[in-house]
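The sequence and structure are shown first.

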Amino acid sequence: MTKRRSFVQQLVLVFFLVLLWVMLWDAVSLMHIITGIILAFLVTRVFYLPPVVLSGRFNIIHALSYGLWFLYSLIIASVEVAWYAFRPRAVGAGSVIACDLRTSSDLLMTLVADTASLIPGSIIVDSDRALGVLYLHVLDCDSEEKVLAAKELVYHIEELLIKALGSHRDLAALKVTPDPMADERGGAR
Amino acid sequence: MILDIISAVLILLGGVLSLAAALGLLRFGDLLSRMHASAKPQILGLLTVAVAIAIQYPAWSTVTTLAIVISFQLVTIPVATHMVGRAGYRTKHLRRSMLYRDELAEAVDRAEAREAAWERRRGSGTDHNDG
Amino acid sequence: MSQIVLDTLIVAASVLLAISVIIALYRIVRGPSILDRMIATDVVLASIMCGLGGFMALSGRTDLLPVLIVLAMLGFVGSVSVSRYVSKSDSMTPGAEVGSLSDFSSSDWHMPKESADDAEGHSDTGARQQAQSPVGEEWPDDVARGISDVADGPDAITVQEDEEPVTVGLDQGTDPSSDPSAEPSVDPDSDAEGEVMGTGPDSGPEDSDDGERTGPEPDDDEGGRR
């Protein structure tokens, strides 16, 4: 990465940290901003994070649709897990499924994993960064249809995120394989 | 007064979700399922409680602090559950073989087979295998 | 009238939260592994946060909001450190699993056969546990003494460090046969390679791999990216 790009990223980082600091103090005053800037610089120097490769693309409409879908799924699935806890049968066996993501970017993989972990029903257990594969444990997944449904959910999350945040290469990958489940649905795995 | 009642209803919902989390902890069979039950309703419970606080005090200061709390939780809960899940999956005596399908184990087996084949091809060189 | 409704709702919410804490306490006591206890502690923490939030909403004070932040951070840091401790200690050679085994009680070995079968293919469990796991009545020595007298430091651990390359992310990073947890060698994300070093449960987190990973921006994103 060029120095300029990482400088801009450091600036964005510092900005967000200052924002956080000001929000913690619940008041916007010059003193808070100055101390915030000093502390932010200290933090980014001492706890140095490697720079995140952003794609430079942010589609607000798709991002909003992702946010709304996320909220909706969160509510529905939380109620579902809560229902599992209350109903007499409790829960069946789980499964660990592998999802071969189409994206190759770190940030997107992380976001997909985070979202899949937040939406009840799946927890990310492991990942294979080199191949771009996520392994998730899915709750109550003891038949083929449920396994397929869980994989479709993950691919749907990935699709929403690529449309909102993905780079152009990711978008191209999305066009190449719009339906990564096709071969799996065809035959039993 | 109406606002108070709405807040109380939301907090009751938070309580129900906490109870669901605890019941799931009690009733589910293995570690990974219990983790689902514990972490997920927690998020929604906190969200409802935060909304309850926010409608009582719509000032900017409280709303921003609540936003901080919720976004901390949103970011850290997946990380914490992932780490616990990974530790629980890898240390075999914490995991029951109650999995219907385990594609990670298949990948591990493939990797191990590949590694063993590689070791064999290399001869006994530096011996990594001591059982 | 509405005051009665309000009071009933508040009482009901408090009772629910208290019940959930008690149930989680049961899991803390009973949980066959330290990870079970950890997630039960998380549930207790979440109930406390809900209770505190409810208190703030209905009693007119907002100065306790930073307490919520602190509790959230405590829960997170606790979960992560315990789980790193467990993965590290469980990949050590027999006799050195301080963190995980000292929490077991003998009743835990009444778990169904699969876990015993899993345990015996697993070099960590050590001969001591092997002999007692099918029976379940004999108490492991440390539990019978009432304390975990297991040697608590690097001297109890046969050092594996001469076998373990420190670099993470290469295919030779794992030790498939002596590493019973069987991390896939194609997985560069597993920082258990650093953890298999067996240098004792307290030798801080081997964060050498974390520096090389590009990760998401720090958690002050305000949900803007979501």
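This is a predicted model: local features need pLDDT of at least 70, side-chain atom pairs count only at pLDDT 80 or more; totals for chains, interfaces and linings use all residues.

**Chain architecture**

Chain A contains seven helices and three strands, arranged along the sequence as α-α-α-β-α-β-β-α-α-α. Of its 189 residues, 50% are classed as buried. Among the contacts of chain A that link residues at least 6 apart in sequence, 70% join residues at least 24 apart.

Chain C, by contrast, has eight helices and zero strands, and its pattern reads α-α-α-α-α-α-α-α. Buried residues make up 52% of the 226 residues of chain C. For contacts in chain C with a separation of 6 or more, residues 24 or more positions apart account for 56%.

**Helix α3 of chain A**

Helix α3 of chain A covers residues 60-86, a total of 27 residues. From first to last C-alpha it reaches 39 Å, close to the 39 Å expected at 1.5 Å a residue.

**Transmembrane annotation of chain B**

An unreviewed UniProt entry places the feature "transmembrane region" at residues 6-29, 41-60 and 66-89 of chain B. In the model, residues 6-29 of chain B are 92% helix and 0% strand, with end C-alpha atoms 36 Å apart. For residues 41-60 of chain B the content is 85% helix and 0% strand, and the end C-alpha atoms lie 27 Å apart.

Two packed helices are described by the angle between their axes and the distance between the axes.

| Helix pair | Axis distance | Axis angle |
|---|---|---|
| α2(B) and α2(C) | within 9 Å | roughly 10 degrees |
| α1(B) and α2(B) | 8 Å | about 170 degrees |

Given the crossing angle of roughly 10 degrees, α2(B) and α2(C) are therefore roughly parallel to each other. The residues of α2(B) in this contact include L31(B), M35(B), L46(B), V49(B) and I53(B), and those of α2(C) include L35(C), I39(C), V43(C), M49(C) and M56(C). By class, the contact of α2(B) with α2(C) has 14 nonpolar, six polar and three charged residues.

Within chain B, the angle of about 170 degrees means that α1(B) and α2(B) are roughly antiparallel to each other. Among the contributors from α1(B) are L3(B), I6(B), L10(B), G14(B), L17(B) and A21(B), while α2(B) supplies residues including A37(B), P41(B), L44(B), T48(B), V51(B) and I55(B). The contact of α1(B) with α2(B) has 13 nonpolar, seven polar and two charged residues.

**A buried serine**

S33(B) is found in helix α2 of chain B. Because its relative accessibility is 1%, S33(B) counts as buried. Leaving aside residues up to four places away in sequence, S33(B) touches V91(A), H137(A) and L139(A) of chain A as well as F28(B) of chain B.

How values were computed: Residues are numbered from 1 along each chain as its sequence is written. Chains are lettered from A and ligands numbered from 1 in the order in which they are written. Side-chain values use heavy atoms; hydrogens and water are left out. Axes are lines fitted to C-alpha atoms, for helices over the stretch in contact, and angles run from 0 to 180 degrees between N-to-C directions. Helices (H or I, at least four residues) and strands (E, at least two) are DSSP runs, numbered from the N terminus. Angles under 35 degrees count as roughly parallel, over 145 as roughly antiparallel, 65 to 115 as roughly perpendicular and the rest as oblique. Contact means heavy atoms within 4.5 Å. Ala, Val, Leu, Ile, Met, Phe, Trp, Tyr, Cys and Pro count as nonpolar, Asp, Glu, Lys and Arg as charged, and the others, Gly among them, as polar. UniProt positions are given in the numbering used here, feature names are shortened, and annotations may be inferred rather than shown by experiment. The expected span of a helix is 1.5 Å times one less than its number of residues. Buried means under 20% relative accessible area, exposed over 50%, partly exposed in between (1.4 Å probe, protein chains only).
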